[in-house]
Amino acid sequence: MVSGHSSYVMKHHDLPIEVHDLTVSYQKKPVLYGVDLEIEEGSFVGILGPNGAGKSTLIKTIMNMIKPNGGYVKIFGDRPRAGIKRIGYIPQKESVDWDFPVTVFDVVLMGRYGHHGWLSRIGKEDRNKASECLEQVNMLAYADRPIGNLSGGQQQRVFLARALAQESAVYLMDEPFAGVDAVTEKTIISILQEMKKAGKTLMVVHHDLASAKEYFDQLLLLNMRKVAFGSVSEVYTHELLQKTYGGKLAVLSEMATEVAKNPEP
Amino acid sequence: MKNWVIIFGGLLISSSFLEAKQIGSGEDLNWLTQAERFIEMKDPSIRKVALGALLMGLSCGLIGSYVVTRRLSLFGDTLSHAVLPGIAVGFIWAGEKENFSLLIGAGIAGFAGVCCLSLLKKFTKIHEDSSLGIVLSAFYALGICLLTRIQKVGYTDQSGLDSFMFGQVTSLSSGDIISLLITLLLIGLFITINFRQLLVTGFDPQFSKSIGIPNDFLQFLLWMLIAFCVISSLQLVGVILVSAMLVIPAATASLFAKRLKNYLVLSSLLGAGAGISGTFFSFLGKGLPAGPLIVLFSAFLFLVILFLRPEKGIIVCWLKARSERSRIIIENTLKATFKILEQKDFQENEITSLEIMKKRGLSRREVEREIDKLASSGFCTKNLSANDEANLPPQTVMILTPKGWEYACKIVRNHRLWELYLTNEAQYEPDHVHEDAEKIEHVLGEKTVRQIERLLKNPKLDPHGKFIPSITDIHQGNLPRPS
């Protein structure tokens, strides 16, 4: 099994994300078993795995939204609650109430909430930052629109702007490419790449095997346990993908034949 | 057997709205004097009721915004029914209708109702609407049993109790006003402090959790405030209608508020407006119950706004569609005149109503009406001329003004350009394009037309070999126009 670059990382407390022997269950049904993970600064990691593999659960546990049954998570060496401002998060689209009376600008401004205490006011700087981030995803023209009037791809770009406005060091994203057309997918991936260049650490749940190979630097293969974690060339192999998806999916055999045809360098 | 009688009796009470009470003295005053008395507000009892209705409208409107945006309407309904047994128990405990114990009882019962809901949610797979239905009806039935029992056994002062079912403004006490005021202050404070947090939890609970906002705690506080609001409003509108006050003003606001802030302001104003107008109308005559009138007024405001709101309102849409239709008719007539002139190689400039009738396939009266429309918009001038055939009435003869001529050219150009575009660029067959162009010609904007012209390299002829008047031709007056 490939276990990343942990061998030569000496200062564990400096790691943006460290997951140790993490076990999580929903109503006594285990979803994740003993996951170990060490993510270095500036990593761009794709999380792959079949439905119900625990991809979202892993992310939510790292965010401290779900309490683990065993093991721990450390963010820059701290327990997650203390470090929570340093992580930006994009939840799955389905968990959002798109009919809520809120404008695009208000949504992006939410990215600034984490920087403020319960009662402190949102200031001009926050507004400027929000406009700047909207500009970055090419959505400034839509600032005053109700969020519900936007197309799926535009909504996803607004979410990305909100994440940018969080100015975090680490980002966890749950399927940012779901329900998005090809053009938007390109825009999103180029913004993610810029974020990586700016030294951000990114973990992205992804569902498309074919594009995963091109998008990410490292892959985490997950199926209730960590199947493999490492650079794309190490992990994206017929054998490991087979192990992750259990050979059940049609897409897998397709991908497997493709991998067999052009073996990765 | 006796229990069945009690339940049946309770249902009878609940189904009879005759119990609902009106404001004002029993004297038979004429409605104008009553209206004057209300507007003057000198009578302390009127002041009290108006103030109560105002406070209730504001609180219900504010907290109702959260009820509606978070889809808690059924929850509000359940809560209002669940407090009934608490009121009965509070009464039995105090032995009389004493506000404080009744409110405590209502609070406890409401809390118990919410607990039942949470338990059902946690331990069963019953859908939320069904569990709400179960809790609502069970608590309500229990409440009615207890109330009926109290009335039959005969406590000394049970007369005011049924006011909780339908609301009874006459028995509104200073204590009620104070509890309404406290509720409003609490709600206002809660929303002011937590506005941002409530916004983000309502829109995106996962994200809100991720930035450390305690969703569940906020939700709990929200439930408690809804309960306060329901309990303090009972005296005015009663158990059955109080949830309407939570839902209707906020739903009305949702028709056109795009941001939560506007939503809150609109909803509370609508609630207050309904409260005041409901009490006002109830005051005008005998047998007009205040509570139901307040609710009716909210529903009326909802309807008015549904029809009158800008952009999507039913009336605005209807007006828009009408003006659109009349524009299309004008454009079609102008196009017909162009084609008639074209058939005569632009050698004449007079067009008779008979020619338009033939071209458009319309009746004489319809054509006359269209010509009148064109003339009144300044697109043509018209005259009467003797008919060639002596036995027919004189015909209308029209001549296009320069403005009308330009408009006619524009429509024909739109039509023919679109036909050419479809055949050349979208590979339509020439005999398929006419129908489509008939519709598109009315909506093509100047910008699109220029784009198409550039794309097709300023074409002169359409797919049927007919000439396309170009924009520069129109503006420079180069066209073969009738002298």
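Reply: Start with one term: contact means heavy atoms within 4.5 Å. Keep in mind too that this is a predicted model.

Me: Which residues of α16(B) meet α17(B)?

Reply: From α16(B) come His415(B), Trp418(B), Glu419(B), Leu422(B) and Thr423(B). They meet Val433(B), His434(B), Asp436(B), Ala437(B), Glu438(B) and Ile440(B) in α17(B). By class, this contact has five nonpolar, three polar and three charged residues.

Me: Why might contact residues sit three or four places apart in a helix?

Reply: An α-helix has 3.6 residues a turn, so residues three or four places apart point the same way. In α16(B), look at His415(B), Trp418(B) and Leu422(B), which are among the residues that meet α17(B).

Me: At what angle do α16(B) and α17(B) pack?

Reply: Helix α16 (residues 402-424) and helix α17 (residues 433-440) of chain B pack at about 135°. Their axes are 9 Å apart. That angle makes α16(B) oblique to α17(B). The crossing is right-handed.

Me: Now another pair. Are α3(B) and α8(B) roughly parallel or roughly perpendicular?

Reply: Use the cut-off: angles under 35 degrees count as roughly parallel. Helix α3 (residues 44-69) and helix α8 (residues 174-203) of chain B cross at roughly 25°, and their axes come within 9 Å. α3(B) and α8(B) are therefore roughly parallel to each other. The residues of their contact divide into 15 nonpolar, three polar and one charged. The crossing of α3(B) and α8(B) is left-handed.

Me: How do α13(B) and α14(B) cross?

Reply: Here the range that matters is 65 to 115 degrees, which counts as roughly perpendicular. The axes of α13(B) and helix α14 (residues 353-360) of chain B cross at roughly 105° and come within 10 Å. So α13(B) and α14(B) are roughly perpendicular. Their contact residues divide into four nonpolar, four polar and four charged.

Me: On to sheets. How do strands pair?

Reply: Strands of a sheet pair through backbone hydrogen bonds, either parallel or antiparallel. Chain B has an open sheet of three strands, in the order β1-β3-β2, with antiparallel pairing. β1 (351-352) and β2 (380-385) of chain B stand at the edges, each with a single partner strand, so one side of each has no neighbour in the sheet. Two bridges join β1(B) to strand β3 (residues 395-400) of chain B. Ile351(B) stands opposite Met398(B) in β3(B).

Me: What is the strand order of the six-strand sheet in chain A?

Reply: The order is β5-β6-β7-β3-β8-β9, in an open sheet with mixed pairing. β5 (87-90) and β9 (226-231) of chain A are at the edges, each with a single partner strand, so one side of each lacks a neighbour in the sheet. On average, neighbouring strands of this sheet are turned by 15° against each other, direction ignored.

Me: Which residue in β7(A) is the bridge partner of Phe44(A)?

Reply: The partner is Leu202(A). Strand β3 (residues 44-48) and strand β7 (residues 201-205) of chain A pair in the parallel sense over four bridges. Helix α5 (residues 152-165) of chain A packs on the sheet and touches β5 and β6 (170-174) of chain A.

Note on methods:
Residues numbered from 1 in each chain as written. Chains lettered and ligands numbered in written order. Predicted model: local features only at pLDDT ≥ 70, side-chain atom pairs only at ≥ 80, totals over all residues. Heavy atoms only, no water. Axes fitted to C-alpha atoms, helices over the stretch in contact; angles between N-to-C directions. Parallel < 35°, antiparallel > 145°, perpendicular 65-115°, else oblique. Left-handed = near helix turned anticlockwise from the far one by under 90°. Nonpolar A, V, L, I, M, F, W, Y, C, P; charged D, E, K, R; others polar. Pairing = 2+ DSSP bridges.
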